[in-house]
Amino acid sequence: MWTMVEAINQALAEALEADESVVVFGEDVGRLGGVFRVTDGLRERFGARRCFDTPLAESGIVGIAIGLALRGFRPVPEIQFDAFTYPAFEQIASHLAKYRTRTQGEVTLPITLRVPSFGGVGAPEHHSESPETYFVHTAGLKVVAPSNAADAYSLLRQAIELDDPVIFLEPKCRYRQRTPRSGPAASIGQAIVRRRGRDVTVVAYGPAVSTALATADVAAADCGWEVEVIDLCSLAPLDLESITASVERTGRCVVVHEAPRTLGLGAEIAAVVQEHAFLRLRSPVLRATGFDTPYPPAQAEAAWLPDVERVLGCIERTMSY
Amino acid sequence: MTSTSVMAPPVLHVIGPEDVRATECPVELDLPDDQLVTLYETMVVTRLLDQELINLQRQGELALYPSCRGQEAAQVGSVLALSPDDWVFPQYRELGVFVGRGIDPLGVALMWRGVVHGGVGLVEHHSAPLAVPIATHAPHAVGMALGAVLAGGRDVSVAYIGDGATSEGDAHEAFNIAAVLATPCIFFVQNNQWAISVPLEEQTRSTSIAAKAVAYGMPGIRCDGNDVLACLAATRRAVEYARSGRGPTLIEAVTYRMEGHTTADDPRRYRSQEEVERWRELDPIARYESFLGRAGLWSDDLAARCHAKGVDAAASLRRGVTTAPLPDPAQVFDLVFAVATPELRRQAAQLVAEQHVRT
């Protein structure tokens, strides 16, 4: 068993060890080892040229990553919290995502932008956002959100080796959860079926996977329903085949995410499912999500976030449709 | 030294601005004759190409074009101070930089024709693609320069930005990070007095743009941007400073945008013809011709030869622009990722099928 913080730290250390062009930088990642200690010990081990602190400038952090990548480096910058990607949004949307197109395929930017993301840790405002839709909607980015330590390790190693830019969203509420070291090897672009079931497909990613699995236990114990849980791992590209194949078996689909409902991943998944599995559907695709409000204050977040009750409510509605 | 002189550094001139007479050169400029001639030729070719691009736009061959007329000295003087290994990060008005770098101007024109994004054939000449969002390429130059430090290279990076760009957050972040990390980066600001319709005095309360360098802890140089030798000298000084490991320099080249912001702009709505005429008297090419004359290097022959070279380049550019094949609409799918995703392949197939139905 290990924590996601340990897994990511090990992935970064191994990437730094394996490839001299890998550099890790951001706010407080060097001396402090990151506000979540994810980069703990990397500066001591690899030196301040491979792991360094930058001034407090998110747009600049992504900007210098682009310059470094243009020179042949493989940068792994960190943006300290989800909402702090917003000052860097122009660099991400106008340059990081478009550089390959803007150089006629000559320059691909192998940058992995790590972002501690999502809610559930009792943080003050601007520290609990789900920004994934912005990035998934931006052509040219790959977007990854692991749900457990082993996946975080293997997905991060792959992201760093990939030649395309990757936004790597780490569920900070799962940072300290201990999960098994072994499991099915996660791969960018491929969803993983976490639990087999024949009655309803629940699609989740990042922090919502644990919630979906806990709901599946309750549904089995209390109602005798067999819930299939799909962990997307990769939000862009989306593994449409795995989602469709599952819904073709179950005929029912519920999507779970923390992000606000409107135009969240659930909207895309519902569209894809009705397009590819329309005649197999026994009920409408439902969404157990956050609400279309700003993220609430910490004392109210438990009520706001999708929990077992909300997911189970959707499962009951789809089963009794 | 008074605080005023600290805040507004004196303008570096090599060729006198007031009466088009040479003043004493305040910097060492050991230039062989052929390089003095190259500066002239590059400026002349740039101007003729610039005019041809304006013509092409007027004739409907280009969607838009931002002229660099009046800024040839700033662009050519700075870029010819660099080595081929150095990197340039242009905004979008840097035709003189491209010509000085040996980049085929057709690669730039194809962007303004709407055939490609970013330009073609720039990276092989160590130029980043054209950047339309203002100042966002400045941090890229800092990253490249940081890479030189990390990789033990000797090259420097130059970010070309304008006076308006110095109001952007990315310029500030780039200046600051470059100085803190002591990267070999040069910020070459062409202060052409106008950011579309907003004059410099409404862009900043600073006594100069070069003065801003003080607060970042880097040298600021203010040079006569219509004096090609002053721009060369200022850039050389910054290059030497950067190569010696001392970090970035902010150069303010004081110049003037003779044309509108782009071909879509009407500058008569916001500035006077008198102002334009005052700057026309400081025309960088005329001033340099006068200098070359005093140096015994100018002749009708040289002028004719440079003009002919520019005319040939313009004709070749026109041929290239007007015969450029249309882009294949399906190609956009191949450019997104190193390997197209299954969804992109499906969407590409849809577009190809639609094309077949239409043809």
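Guide: In chain B, the axes of helix 2 and helix 3 (residues 72-79) come within 10 Å and cross at roughly 135°, where axes are lines fitted to C-alpha atoms, for helices over the stretch in contact, and angles run from 0 to 180 degrees between N-to-C directions. This is a predicted model, in which local features need pLDDT of at least 70 and side-chain atom pairs count only at pLDDT 80 or more, while totals for chains, interfaces and linings use all residues. Residues are numbered from 1 along each chain as its sequence is written, and chains are lettered from A and ligands numbered from 1 in the order in which they are written.

Visitor: Why are helix 2 and helix 3 of chain B called oblique to each other?
Guide: Angles under 35 degrees count as roughly parallel, over 145 as roughly antiparallel, 65 to 115 as roughly perpendicular and the rest as oblique. The angle here is roughly 135°, and helix 2 and helix 3 of chain B are therefore oblique.

Visitor: Which residues make the contact of helix 2 with helix 3 of chain B?
Guide: Two residues are in contact if their C-beta atoms, placed from the backbone, lie within 7 Å. Among those that make this contact are Leu39(B) and Met43(B) of helix 2 of chain B, and Ala73(B) and Val76(B) of helix 3 of chain B.

Visitor: At what angle do helix 2 and helix 12 of chain B pack?
Guide: Helix 2 (residues 33-58) and helix 12 (residues 300-322) of chain B pack at an angle of about 35°, their axes being 8 Å apart. The contact includes Val44(B) and Leu48(B) of helix 2 of chain B, together with Gly310(B) and Ala314(B) of helix 12 of chain B.

Visitor: How many helices and strands does chain B have?
Guide: Chain B has 13 helices and eight strands, where helices (H or I, at least four residues) and strands (E, at least two) are DSSP runs, numbered from the N terminus.

Visitor: What makes chain B as compact as a globular protein of its length?
Guide: The globule rule is 2.2 Å times the number of residues to the power 0.38, and the radius of gyration is taken over C-alpha atoms. For 359 residues the rule gives 21 Å, and the radius of gyration of chain B is 21 Å, close to that value, so chain B is as compact as a globular protein of that length.

Visitor: How many residues does each chain give to the contact between chain B and chain A?
Guide: Chain B gives 34 residues and chain A gives 36 residues. On the side of chain B that touches chain A, the largest share, nine residues, comes from helix 6 of chain B.
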